[in-house]
Amino acid sequence: MDIFVQLIYSGIALGMIYAVVAFGYQLTFSTSATLNFGQGEALMLGSMVGLTLSNLGINYWLIIPLVCVFGFLQGTVVEYLGVRPAIKIKSEFGWIMSTIALGIIFRNFAENIWGRSTFRFPGPFEDDPIKLFGANILPMEILVVLGAVSMMLLVEIFNRKSIYGKAVVATANDRDAAGLMGINTGLVITFSYALSSLTASFAGVLISPLTLAGSGAGGALGLKAFAVAIVGGLSSGLGIVVGGIILGVSETLTGFYVSTGYKDVPSLIILLIVLSFKPAGLFGKTTIKKV
């Protein structure tokens with residue numbers, strides 16, 4: 001029983017990382033109906049930049065805001081080069097290929113700088129576990145959950161309380177109407193991409209002390225986070241958290257009780273089931289478009 005509870009703890013921590021990255025998908029989809037399919041590479045770059053700063057002797061707690069600034073700038077570049085031209089010419093699928101291509105470029109860029117090896121990312125805590133409800137949990141796993149929840153809450157508070165956040169919400173609700181009200185919707189879309197990559201970079205710094213940092217680590221995490229966004233619903237923050245926990249827990253349980261070779265299977269099965277019976281996601285809303 002203790003092992004089962006311990007696996008649940010690990011699954012929740014992993015699921016919250018998926019949720020933070022999936023939250024980035026939601027940010028861009030709500031404002032521009034586009035997605036950054038290089039989101040996993042944003043996480044990887046955040047992890048590798050954080051590792052480099054750590055090797056320079058910079059404290060972990062100072063690394064976090066520095067990596068967030070880097071992620072913000074990286075997301076701005078993605079929107080400017082990959083998404084804005086496609087939106088301008090009203091290309092339905094141009095942004096898909098552009099963001100995928102930029103993701104590949106960023107991964108190759110990382111491989112040429114840091115190589116293809118994986119590295120240990122030193123965390124801020126010792127590896128001694130804490131006893132909680134009869135099972136062991138690492139302090140870093142607690143930080144992952146708290147950090148992920150805090151990041152998503154901060155973004156929600158920003159959207160609800162600040163004038164700039166309200167511009168984001170207005171653009172998400174109706175981009176054309178927001179433009180007629182004087183809101184620079186192009187700038188809002190750029191900001192949503194910057195914020196999306198910031199959250200992914202932040203997730204990279206959170207998860208790396210529990211796993212390993214490497215230039216090839218982003219692709220799989222990005223795909224799983226996309227599955228979380230679809231399962232939970234691209235229009236629901238709560239759905240993304242629930243979807244992340246479901247996939248994270250199912251992955252850790254399968255990896256322990258069945259085989260690590262099958263740990264990715266449950267997430268795919270859950271994704272197929274949700275798409276079959278509730279295409280908008282567990283908490284998503286189906287919209288009717290008038291033509």
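Colleague: Which residues does Leu-43 touch, leaving out those up to four places away in sequence?
Modeller: Happy to start there, and please keep in mind that this is a predicted model. Leu-43 is among the residues with the most contacts inside the largest nonpolar core, which has 64 residues. Not counting residues up to four places away in sequence, Leu-43 touches Ile-17, Val-21, Ala-200, Ser-201, Ala-203, Gly-204 and Leu-221.

Colleague: Which helix gives the largest share of that core?
Modeller: The core has 64 residues, and Ile-17 and Tyr-25 are among those with the most contacts inside it. Twelve residues, the largest share of this core, come from α1.

Colleague: How far apart are the end C-alpha atoms of helix α2?
Modeller: Let's work out what to expect. Helix α2 covers residues 39-55, and at 1.5 Å a residue its 17 residues should span 24 Å. The model agrees with that, as the end C-alpha atoms are apart by 25 Å.

Colleague: Is Ser-197 buried or exposed?
Modeller: Ser-197 is found in helix α8, residues 185-207. Its contacts include Asn-36, Gln-39, Ala-42 and Gly-71. A residue counts as buried under 20% relative accessible area. Ser-197 has a relative accessible area of 0%, so Ser-197 is buried.

Colleague: Which helix supplies the largest share of the nonpolar surface patch?
Modeller: That patch is about 1,100 Å², and Ile-3, Phe-256 and Ile-269 are among its residues. Helices α1, α10 and α11 each supply at least two residues. The largest share is four residues, and it comes from α11.

Colleague: Which residue meets Lys-224 in a salt bridge?
Modeller: Side chains of opposite charge can pair when their charged atoms come close. Here the N to O distance is 2.8 Å, between Lys-224 and Asp-264. The pair links distant parts of the chain, 40 residues apart: Lys-224 lies in helix α9, and in the loop between α10 and α11 we find Asp-264.

Technical notes:
Residues are numbered from 1 along each chain as its sequence is written. This is a predicted model: local features need pLDDT of at least 70, side-chain atom pairs count only at pLDDT 80 or more; totals for chains, interfaces and linings use all residues. Side-chain values use heavy atoms; hydrogens and water are left out. The expected span of a helix is 1.5 Å times one less than its number of residues. Patches are made of residues with over 30% relative accessible area and no salt bridge: like charges are joined within 9 Å, nonpolar side chains (Val, Leu, Ile, Met, Phe, Trp, Tyr) within 5 Å. Accessible areas come from the Shrake-Rupley method with a 1.4 Å probe; for residues, only the protein chains shown count as cover. A salt bridge is a side-chain nitrogen of Lys or Arg within 4 Å of a carboxyl oxygen of Asp or Glu. A nonpolar core is a set of buried Ala, Val, Leu, Ile, Met, Phe, Trp, Tyr and Cys residues joined through side-chain atoms within 4.5 Å. Buried means under 20% relative accessible area, exposed over 50%, partly exposed in between (1.4 Å probe, protein chains only). Contact means heavy atoms within 4.5 Å.
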